[in-house]
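Student: I'd like to learn how to read a fold from its model. Can we go through one together?

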Amino acid sequence: MINIITLLLSFIMSTLIFNYLFKYLISTEKLKIRIRKTTKDKVIWTIICCTIYIILYVLIDFLALGIIGFNIARGILLALFVNLLLLESNKK
């Protein structure tokens, strides 16, 4: 049960941090990302995000963190994945 709680807490905190960080970087135009609204471009963007997630998940697995550290890292990685997928809606 403690593993699920640490995963959820790290996910929630990281999601809030990444959300405001991406909004700030986009509003100050330090991060220039143009995501088109066609289905093909959305599929390509989703594949890129999934590839980043898989590569970083394998890297986290090789770091041999403890159970708590692994769950915190997974929560941060999951928050990054979700925010990258929702990056288009942050531009508004």
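Tutor: Let's go from the overall fold to the core and then the surface. Keep in mind that this is a predicted model.

Student: Where do I start? How many helices and strands does the chain have?

Tutor: Start with the secondary structure. Here you'll find four helices and zero strands, so read along the sequence the pattern is α-α-α-α. For dimensions, the C-alpha atoms fill a box of roughly 40 × 25 × 20 Å along the principal axes.

Student: What do the contacts say about sequence separation?

Tutor: Take the contacts between residues at least 6 apart in sequence: 81% of them join residues at least 24 apart.

Student: Next, the core. Which residues make up the largest nonpolar core?

Tutor: Look for buried nonpolar residues joined through side-chain atoms within 4.5 Å. In this chain that gives eight residues: Phe18, Phe22, Ile26, Cys49, Ala79, Phe81, Leu84 and Leu87.

Student: How much of the chain is buried?

Tutor: Buried residues account for 25% of the 92 in the chain. As for the surface, the accessible area is about 6700 Å², and carbon and sulfur atoms hold 72% of that.

Student: Last one: how many positive and negative side chains are there?

Tutor: Count 11 positive and 4 negative, then compare where the two sets sit: their centres lie 6 Å apart.

Key:
Residues numbered from 1 in each chain as written. Predicted model: local features only at pLDDT ≥ 70, side-chain atom pairs only at ≥ 80, totals over all residues. Heavy atoms only, no water. Buried < 20%, exposed > 50% of the residue type's maximum accessible area, 1.4 Å probe, protein only. Helix = DSSP H or I, 4+ residues; strand = E, 2+ residues; numbered from the N terminus. Contact = heavy atoms within 4.5 Å. Areas by Shrake-Rupley, 256 points an atom, 1.4 Å probe, with all protein chains shown as cover. Lys, Arg positive; Asp, Glu negative; His and termini not counted. Charge placed at Lys NZ, Arg CZ, Asp CG, Glu CD.
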